[in-house]
Amino acid sequence: MHDNFEDHDESIEYEIEVETDADVHAIPDEGLVLARDMLPPRLPIIPLRPRPAFPGVIIPLTVNGKSRVRTIQQAMETPSQAIGLVMTQNLDEDDSVTNLQKVGVAAKILKLIHAEENSAHVLVNSLERFTLNEVVEIDEIIYGDVTYFLAPEMSDNAELKAYSMAIISTLKELVQINPLYSEEIKLFLGRSSMGDPARLSDFAANLTNADGFELQEVLETFSVRARIDKVLVLLKKELEVSRLQTKISQSIEEKISAQQREFFLREQFKAIKKELGLEKEGKTSEIEKFQTRLKKLTLNEEAQKAVDDEIEKLQLIEPSSPEYNVSRNYLDWLTILPWGKFSKDTYDLKRARRVLDRDHYGLDDVKERILEFIAVGKMKGDISGSILCLVGPPGVGKTSIGKSIADTLKRKFYRFSVGGMRDEAEIKGHRRTYIGAMPGKAIQAMKTVGTANPVIMLDEIDKIGASFQGDPASALLEVLDPEQNGAFRDHYMDVPFDLSNVLFIATANQLDTIPAALLDRMELIRLSGYILEEKLEIARRYLIPKALKNHGLNKSQVSINKAALAAIVDRYARESGIRGLENRIKKIMRKAAMDFAEGHEGKIRVTKKDIEHYLGKPIFAEEELIKESPGVVTGLAWTRMGGTTLQIEATSMKSKGKGFKQTGQLGKVMVESSEIAYSYVMGHLDKYQIPEDYFDTHFIHLHVPAGATPKDGPSAGITMTTALLSMIMKKSVRKKLGMTGELSLTGRVLPIGGVKEKTIAARRAGLNMLIFPHENKKDYEDLPDYLREGIEVHFVKEYPDVFKIAIGD
């Protein structure tokens, strides 16, 4: 049950004559009072929320609930018609005898305005404070035994008179700020006098918007002097709040006035310009703008009809209509696209080679492939219908190569990432029925570049996603398919646009996650990464000059010698790309800049011994081959970060039965390779002069170190087989030998991938002899000479050839 009350504009006079001889005390036994105004010692109680009532105030009161309506009705049947108004202790709990404050106000019911079964509206006059002595609940009606208190007559008290003047002064300030308070004061003066400090303090407290519990504290203060102190604090808070409200209101009014003034001036300015013929109506101006654009474009038949229909529609729509902006935006897109606008291609092979060599060091096979691509375009007259896909580890220059291709052709370049894209509307746009609809990325790219034959790069195409909102990879099929993109239809545009002249270049770190249908439409160019020598040259030519410039330094202030760079590459930045190397060089430049800022004089020369000072402890240990011992073989592996070497170890323990265990977080494919190796060796015991009962009496354990790193792939078969045979025969493999190749149960050595990456890893590890499957011979011969130099390579078809090279007869 929730009761509420508010001040009422009506007033009523009442008088109780008593004798007083103390600051505050109870109603005396003797005094001249009317029988109907005698306040009884027991009152029916009405709980109040969210603030208490004060003496001397007429209150319109609303009560809800059958029990509270009965309370009012029962009170009206008594001679005094009195009730007790007491604020609840906890505003969120239900009314009960335990949820009442200890001090309340006795009030007389003046009028029953309206009554129903569950609610009643009454007008009450609050009279005097009382203290609750005992509270009981009888038949759902709360009764309280009370002790009344009356304030003495203190109009002649000089000190209280001064306090009263302070209250009056504050009230005057409130009236100046908020004139509504003046009406409240007039009503108070009709019932009481400003010279009565007790009544004045109660009135002032009731006037404020203070918290209910703060007001209850004032009500419970029987000392007039102490009560006035608390009321003055509440009035000062009210005054500050009123001043702040006034300030905020004035600020808002000033802003509104300024906006209105600007609006009226602009409207007058428009009217004057229109009268003088200096400005046309907004709609007319928009249509003329669209028509001017159309004169420079060559639209297809369907697009031209759509534009004509939309212009005709726009002329009939009022600018205030919501449809107007939809139509105007659609026309804006239709007329801003580069219909029939092409940049002139340049097929100068010498210039193309210069641009590629200027922007990239190494990657000769990739550059050659790009030059072949441009040469075909020169012979054919265009390069339409081509979609390239640059595949390689992070940081090898895929994005920058795309920019270089655009530069060589003198085409505009636009890049956007499709990594993590999950909504097909990002590619094909939203339908115009949606609020805030826009074309997809393909059409947005055409608007941005302003030509119909740009180079568009789709970055991170291997990380494209899918969700309940559609499959963006499937949406890309229409964009990239030369047979379909000549009439690409975006959902928003809903007219065909020719994308067949666009050169699309996609980038990816791996091919496994690219849908087969999408991969089938692209021409692959693989970027395998850089070896040590290439990274050193890239750092010297590009990374160090760029870092010096970005850090406000020059080559006369900082230098890094070749040995230091080699140490950085080998100990801190072994990945296939150059981002790690670039970040380490930046770190050195930052520390050098700090040294100069702190007053260092002279040139800073960074040598190999200084590297740990600038970069901290090495991330990678020097890659040393494990000492040759039986059961240990070096394998070559490919990862997303490039090539690497793996040490495969095998050991055996005598047991009562056979057993085989693999460890090192091997994936399913590597586990299968190990099982094939185990079966192959078991099936050829006599060939390698191994006792027939060896496996029956030994438990075999095969391990690939770095157990915390997951490993998988189909190229470790011959390495695992060699490790098992080396362990069983107690013969070590040849020094500085690495191998890779999958093995079949019959002993055939099957081809693998990543020949270049694995060769780079072998060079970095100091291997000088490699074993590859015979079918990978063509891949190895395609490698540049500097990668093959100093390495003896054997190509094998059957496993016995591997055994002969690795262990010997």
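Author: A residue is called partly exposed when its relative accessible area lies between the buried limit, under 20%, and the exposed limit, over 50%. The model discussed here is predicted.

Reader: Why is Gln665 called partly exposed?

Author: Gln665 has a relative accessible area of 44%. Buried means under 20% and exposed means over 50%, so Gln665, at 44%, is partly exposed. Gln665 sits in the loop between strand S19 (659–663) and helix H21 (668–683).

Reader: What makes the phi of Gln665 worth a remark?

Author: Phi of Gln665 is near 55°, a positive value in a residue other than glycine. Most residues other than glycine have a negative phi.

Reader: Which class does Asp494 fall into, and how do you know?

Author: The relative accessible area of Asp494 is 42%, so Asp494 is partly exposed. Asp494 also has a positive phi, near 60°, and is not glycine. Its place is the loop between S11 and strand S12 (496–497).

Reader: What makes the peptide bond from Arg49 to Pro50 stand apart?

Author: The bond from Arg49 to Pro50 has omega near 0° and is cis. Most peptide bonds are trans. Pro50 belongs to the loop between strand S2 (42–48) and strand S3 (58–64).

Reader: Why is helix H15 said to be largely enclosed by the rest of the structure?

Author: H15 covers residues 472–480, and eight of its nine residues are buried, so the helix is largely enclosed. The buried residues are Pro472, Ala473, Ala475, Leu476, Leu477, Glu478, Val479 and Leu480.

Reader: What do the buried residues of H15 pack against?

Author: Their partners include strand S8 (387–391), helix H13 (425–428), strand S10 (455–459) and helix H16 (516–519). Strands S11 (488–489) and S13 (503–508) are partners as well.

Reader: What makes a set of residues a nonpolar core?

Author: The residues must be buried, of a nonpolar kind such as Leu or Met, and joined through side-chain atoms within 4.5 Å. The largest such core here has 57 residues, and Leu480 and Met522 are among those with the most contacts inside it. H15 gives the largest share of this core, six residues. Apart from it lies another core of 52 residues, among them Tyr347, Ala406, Ala539 and Leu543.

Reader: Which residues does Met522 touch?

Author: Leaving out residues up to four places away in sequence, Met522 touches Ile387, Cys389, Ile461, Leu480, Ala506 and Ile514.

Reader: Why is Ile256 not counted as buried?

Author: Its relative accessibility is 39%, so Ile256 counts as partly exposed. Ile256 is in helix H6 (residues 224–275). Together with Leu244, Ile248 and Ile252, Ile256 makes a nonpolar surface patch of about 360 Å².

Reader: How many of the chain's residues count as buried, as a percentage?

Author: Of the 809 residues, 46% count as buried. The chain has 26 helices and 25 strands. Its accessible surface is about 40900 Å², and 51% of that belongs to carbon and sulfur atoms.

Terms used: Residues are numbered from 1 along each chain as its sequence is written. This is a predicted model: local features need pLDDT of at least 70, side-chain atom pairs count only at pLDDT 80 or more; totals for chains, interfaces and linings use all residues. Side-chain values use heavy atoms; hydrogens and water are left out. Patches are made of residues with over 30% relative accessible area and no salt bridge: like charges are joined within 9 Å, nonpolar side chains (Val, Leu, Ile, Met, Phe, Trp, Tyr) within 5 Å. Accessible areas come from the Shrake-Rupley method with a 1.4 Å probe; for residues, only the protein chains shown count as cover. A salt bridge is a side-chain nitrogen of Lys or Arg within 4 Å of a carboxyl oxygen of Asp or Glu. Helices (H or I, at least four residues) and strands (E, at least two) are DSSP runs, numbered from the N terminus. Buried means under 20% relative accessible area, exposed over 50%, partly exposed in between (1.4 Å probe, protein chains only). Contact means heavy atoms within 4.5 Å.
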